[in-house]
Amino acid sequence: FLFFFFQAEDGIRDSVASRGLGDVYKRQVSTQSTWGFQSEGMIKLHYFDVAGRAESIRLLLHYAGVKFEDIRYKMEEWPKMKEKFELKQMPVLEIDGKQYCQSYAIMEFLGAKYGFLPKCHDELYRCLFVMNTAEDVYMKAFLGVHSLSPLDPKAKEETLKKLLEVEGPLALGAIEKKLKENCSKDFIVGCKYTIADFYLLGFYASILNIPDFNKAFAEKIKTKYPLLQAYADKRMIDFNPFYKKCLVKLHYFDMPGRAEMIRMMLKFKKVPFEDVRIKFADWPALKTSGKFELQQVPVMECAPCGITIGQSDAIMHRFGVKFGLLPLDKPEKLYKVIWFCNTIKDIMETCGKVGFAPMPEEAKKKMRETLFTQTAPVFFQAMENKFKANASSCYLVGKSYTIADFYLMGGYRSFLTNPMFPEFKELLAKYPLLLAYMEKQNLLLQLNLSPLITLLRYKKKKKKK
C-alpha cells in the first residue's frame with residue numbers, strides 16, 4: 001500500500017502541478033468509457049491541488065475513461081473563487097455549466113451513471129459502510145493531526161498515537177473483515193469495481209499525504225492487514241494505463257520470442273512499461289534467485305510492489321480481457337481467436353525446439369524438415385482460409401484487434417522473418433493474403449496505428465485533393 005500511493009508523488013506532471021494519484025494520470029484519456037458510455041458535454045472537476053476529497057472522483061472518472069478537465073486551485077486563490085460554488089466548498093463537478101457538489105453525492109451520481117453503484121441493497125450498504133468508515137479515519141487524521149497547531153506538539157503526538165493505536169486499527173479491521181467476507185478478495189464489494197473501491201483508494205492517497213502520519217500508517221497496513229495490502233497490490237495493475245511514470249516491468253531475453261506479442265499489445269494500448277532485456281549469461285543466476293515463480297520468462301512485474309504475473313498465454317488473456325481484445329461474450333468469435341492463438345503457438349514452439357532445444361542434430365534436422373514440408377503448410381493454409389472468410393481483411397477475427405492479431409505478429413517478428421529460418425520466406429509466398437496482412441500489420445504496429453485510423457486518414461487526404 002505504501003508503494004502504491006507514494007509512487008504518485010514521483011509522476012511526470014502535465015500543464016499543472018498536482019499531488020496525489022491524479023498527479024500522474026494521463027490527461028489525454030479517450031472519451032469512450034471502459035464501460036461503454038461516452039462523455040456527454042464538457043466535464044470539469046474543481047478542487048485544490050491535493051488528493052483530498054476529490055481523489056476518489058478522479059479515480060472513478062479515469063477508470064471509466066471519461067474525459068474531464070482536472071482544475072486544481074492554489075490555496076491563495078480560494079477566497080476569490082469560493083463565491084462561484086453553491087455551498088462555498090469543493091469538490092465540485094461541473095457538467096456543461098451545471099454544478100454537482102458534496103463528494104458523497106457526486107460519487108453516487110457517477111457510480112449510477114457509469115455502472116459502479118450496486119443495485120443490490122445489501123451490496124450498497126456495504127459500499128457505504130466502507131466509505132463512511134474510511135471517512136471517519138480521514139477526518140480524524142486531517143482535523144485531529146494535520147490541523148493541530150505546531151505550537152502544541154504534545155497534543156498532536158497524543159492524537160496521532162490514539163489514531164494509530166486505537167481508532168485507525170478499529171476502522172481498518174472492520175474494512176479488512178468486510179473484504180474477507182466478500183465473494184472476491186479482488187474488490188471491496190461484489191466481484192467488480194464499485195464506488196467503494198475508488199473511495200477507499202482515494203482515501204489512502206489522501207491520508208498518506210498527511211505529514212507525520214503517512215509512513216506509520218502505511219507500515220501498519222502492510223504488517224497488520226494482509227488482505228488490504230494484497231487488495232491494493234492487485235488494484236494497482238488496473239491503474240497502470242493512467243500513469244505516466246512506469247509501474248510495469250516486462251522481463252524477457254533480448255529477443256522477440258514469447259514476449260513480443262505482449263510488448264506489441266502494451267505499446268498499442270499505450271501502457272507504459274519497462275522492457276527489461278535479460279542477457280543469457282545472467283539468466284542462470286536470475287532463474288534460481290526466487291524472483292520468478294516458475295523459473296521462466298516472460299514475467300510481468302508490477303513495480304515497486306514486486307507482484308509478478310507469469311505464463312505468456314495467461315498474461316495475454318488477462319490483459320486481453322482488460323483491453324477488450326478477447327470477445328468473452330461471443331463464443332463463436334472467441335473460439336476463432338483461441339484457434340488462431342493455439343495454431344500460431346504450435347508453429348512457434350516447433351521453431352523454438354528446432355532453434356534452441358538440446359537434442360541431436362539428426363533429430364533437429366528431421367524435425368525441421370517435417371515443420372516446413374508438412375506442419376507449417378497445413379497450418380498456414382488453414383489460417384489463410386479462415387482469414388479469407390473473415391468479415392474484414394484488416395484483422396484475423398472480426399472487425400477489430402483481438403489477441404490473435406498480436407499472437408500472429410509476435411510470431412512474425414520472432415520466427416517468420418528470422419534469418420535462422422529462411423524457409424519461411426518461400427513458404428509464406430504461397431499464402432498471399434496472410435503475407436500481405438502480416439506485412440501491413442507490422443508497419444501499422446510499428447507506427448502504433450490501427451487500420452481504421454489509417455483508412456480514415458487516407459479518405460480525408462483523398463477528399464481534400
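Predicted model: local features only at pLDDT ≥ 70, side-chain atom pairs only at ≥ 80, totals over all residues.
Me: What do D70 and R58 form together, and how far apart are the closest N and O atoms?

Reply: They form a salt bridge (a side-chain nitrogen of Lys or Arg within 4 Å of a carboxyl oxygen of Asp or Glu). In this pair the closest N and O atoms are 3.2 Å apart. Helices (H or I, at least four residues) and strands (E, at least two) are DSSP runs, numbered from the N terminus.

Me: Which residue does D49 meet in a salt bridge?

Reply: D49 meets R72, at 3.8 Å from N to O. Since D49 sits in the loop between β1 and α2 and R72 in strand β2, the pair ties together parts that are 23 residues apart in sequence. D49 is partly exposed, at 22% relative accessible area, while R72 counts as buried at 11%.

Me: What is the strand order in the sheet that holds β2?

Reply: Two strands pair if DSSP finds at least two bridges between them. Here 4 strands make an open sheet in the order β2-β1-β3-β4, with mixed pairing. At its edges are β2 (69–73) and β4 (98–101), each pairing on one side only. On average, neighbouring strands are turned by 25 degrees against each other, direction ignored. Axes are lines fitted to C-alpha atoms, for helices over the stretch in contact, and angles run from 0 to 180 degrees between N-to-C directions. Contact itself means heavy atoms within 4.5 Å. Helix α2 (residues 55–64) packs on this sheet and touches β1, β2 and β3 (92–95), with its direction at about 150 degrees to that of β1. Strand β1 (residues 43–48) runs parallel to β2, joined by 5 bridges; F48 has Y73 as its bridge partner there.

Me: Where do D275 and R263 lie?

Reply: Their side chains meet in a salt bridge of 3.1 Å, N to O. D275 belongs to strand β6 (residues 274–278) and R263 to helix α10 (residues 260–268), so this pair links parts 12 residues apart in sequence. D275 is partly exposed at 24% relative accessible area, and R263 is buried at 1%. Salt bridges with shared partners join D254, E260, R263, D275, R277 and R413 into one network. A search of the whole structure gives 16 salt bridges.

Me: How many residues of α15 are buried?

Reply: Of its 14 residues, 13 are buried, so α15 is largely enclosed by the rest of the structure. This helix (residues 403–416) reaches 18 Å from first to last C-alpha, close to the 20 Å expected at 1.5 Å a residue. That expected span is 1.5 Å times one less than the number of residues. Across the protein chain, buried residues make up 48% of the 465 residues.

Methods:
Residues numbered from 1 in each chain as written. Heavy atoms only, no water. Buried < 20%, exposed > 50% of the residue type's maximum accessible area, 1.4 Å probe, protein only.
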